[in-house]
Amino acid sequence: MALFNPKVFLTLTEGKLEGTEIKQSYKYLNALAGVFKNETARAEMDQDALIYEVQAYMPVEEGKSGGLFFGNSTIYPGKVDQEYFMTRGHFHSNFDTAEYYWGVKGEGYLILMDENRKIWAEKMTPGSVHYIPGKVAHRVANTGSEPLVFNACWPSDAGHDYESIAEHGFSARLLEVDGEPKLVEE
Ligand code: 6PG
Ligand code: NI
């Protein structure tokens, strides 16, 4: 019987994935037009600033049912005006598919919005575990001064629906108000 070394390695303290099959993507400020409340402020900032990056291990074809994907996201600290750097956020296109997130480094909030636009946020810290039910849009904001790192696991047929967020947004935004994060209704 053969013995194998793992193809993918997760550095537990950093949450980073290592291995030749890992896909890596980078999101710079210039790709986030219209995402933040104050678009004028966003447009005046350094467009080459790296806001977040994502690693994904996709051992089966994307869209195939029955598989699971594993990821790492790192959101850098910063704000556009009062609004913390954050991911675009999405519903899954295969609407009723769930996902796990868990915090590895840094601090922030997982912002969740259901199909009726009811919105809430869960504090993310190293070790916090978050179950994202199906039909719930999700986005993460970094409220700290260090990179916020989390891992995720989601079904291989979940997909990403960015269009409905681009069109309707989330129903509230995480803003710094009097030095504290506050979920402010749109
Ligand atoms: C997913 C996960 C996660 C997410 C990243 C980046 O469904 O794949 O929720 O990997 O994609 O954190 O966030 P955006 O996809 O919203 O840009
Ligand atoms: Ni997702």
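Let's start at Lys135, which sits in the loop between strand S11 (129-132) and strand S12 (137-142); helices (H or I, at least four residues) and strands (E, at least two) are DSSP runs, numbered from the N terminus. Although Lys135 is not a glycine, its phi is positive, at about 65°. Lys135 is partly exposed, with 15 other C-beta atoms within 10 Å. On this scale a residue is buried with 20 or more other C-beta atoms within 10 Å of its own, exposed with 12 or fewer, and partly exposed in between, the C-beta atoms being placed from the backbone.

Keep in mind that this is a predicted model, in which local features need pLDDT of at least 70 and side-chain atom pairs count only at pLDDT 80 or more, while totals for chains, interfaces and linings use all residues. Residues are numbered from 1 along each chain as its sequence is written, and chains are lettered from A and ligands numbered from 1 in the order in which they are written.

## Strands side by side

Now look at the pairing, where two strands pair if DSSP finds at least two bridges between them. S4 and S5 pair in the antiparallel sense over six bridges, and Tyr57 stands opposite Phe70 in S5. S5 also pairs with S13 in the antiparallel sense, over eight bridges. Here Ser73 has Phe150 in S13 as its bridge partner.

## The nonpolar core

Which residues touch the most other members of the largest nonpolar core? They are Val140, Ala141 and Phe150, in a core of 31 residues. Such a core is a set of buried Ala, Val, Leu, Ile, Met, Phe, Trp, Tyr and Cys residues joined through C-beta atoms within 7 Å. S13 gives the most to this core, with five residues.

Leaving aside neighbours within four places in sequence, Val140 is in contact (C-beta atoms, placed from the backbone, within 7 Å) with residues including Ser73, Leu110 and Phe150.

## Around the ligand

Ligand 1 is surrounded by 13 residues, and the closest are Gly71, Ser73, Thr87, Arg88 and His90; a residue counts as near if its C-beta atom, placed from the backbone, lies within 6 Å. Strand S5 (68-75) and strand S13 (148-155) are the elements that give two or more residues to this shell.

The shell divides into four nonpolar, seven polar and two charged residues. Ala, Val, Leu, Ile, Met, Phe, Trp, Tyr, Cys and Pro count as nonpolar, Asp, Glu, Lys and Arg as charged, and the others, Gly among them, as polar.

Notes:
Two residues are in contact if their C-beta atoms, placed from the backbone, lie within 7 Å.
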